[in-house]
Amino acid sequence: MIVPDACLSPHVVMVQREHVRLGWRRPYPALGRARSVAWTCFCRATVYELCEGAGRAFLRRTVQFEGGDNEVHETSTWPVGEARAIWAALLSGRAR
């Protein structure tokens, strides 16, 4: 069992009423060499990652189901600075 106070990665807060809805789709090889540079805590069923590569970035959402199955979706790509701003909005509940 993971104790929330022992988590090292951030958690996404509850979505705010006036939030931006992100477009999620199945993964595609847009940035085959992209790497995760930030992520939310794995203690939650849904984990988000900020992935960057070649001057572009996108968000990845993984829903972890019992039994080890995962469902992965990604956003379209943005310039890194814009993606980092969207990442901050996601963490604060202003985007989902």
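Tutor: Let us begin with the terms for secondary structure: a helix is a DSSP run of H or I with at least four residues, and a strand is a run of E with at least two. On that basis the chain, in what is a predicted model, has one helix and five strands, and from the N terminus on the elements run β-β-β-β-β-α.

Student: What makes the radius of gyration of the chain agree with that of a compact globule?

Tutor: For 96 residues a compact globule would have a radius of gyration near 12 Å, and because the chain has 13 Å, the two agree. Along its principal axes, the C-alpha trace spans about 40 × 30 × 20 Å, and buried residues make up 35% of the chain.

Student: Why is Thr75 called buried?

Tutor: The label needs a relative accessible area under 20%, and Thr75 has 1%, so it is buried. Thr75 sits in the loop between β4 (70-74) and β5 (78-79), and, leaving aside neighbours within four places in sequence, its contacts are Leu22, Gly23, Trp24, Tyr28, Phe58 and Leu59.

Student: How do you know that Arg60 and Glu49 form a salt bridge?

Tutor: The criterion is a side-chain nitrogen of Lys or Arg within 4 Å of a carboxyl oxygen of Asp or Glu; the N to O distance for Arg60 and Glu49 is 3.7 Å, so the pair qualifies. Because Arg60 lies in strand β3 (residues 56-64) and Glu49 in strand β2 (residues 46-53), the pair ties together parts that are 11 residues apart in sequence.

Student: Which other salt bridge does Arg60 form, and what does this make of the three residues Glu49, Arg60 and Glu74?

Tutor: Arg60 also meets Glu74, at 2.9 Å from N to O, and this pair links strand β3 with strand β4, 14 residues apart.

Student: What makes the salt bridge between Arg84 and Glu52 a link between parts of the chain?

Tutor: The closest N and O atoms of Arg84 and Glu52 are 2.8 Å apart. Since Arg84 lies in helix α1 (residues 80-91) and Glu52 in strand β2, the pair ties together parts that are 32 residues apart in sequence. Arg84 counts as partly exposed at 47% relative accessibility, while Glu52 counts as buried at 7%.

How values were computed:
Residues numbered from 1 in each chain as written. Predicted model: local features only at pLDDT ≥ 70, side-chain atom pairs only at ≥ 80, totals over all residues. Heavy atoms only, no water. Buried < 20%, exposed > 50% of the residue type's maximum accessible area, 1.4 Å probe, protein only. Contact = heavy atoms within 4.5 Å. Rg over C-alpha atoms; globule rule 2.2 N^0.38 Å.
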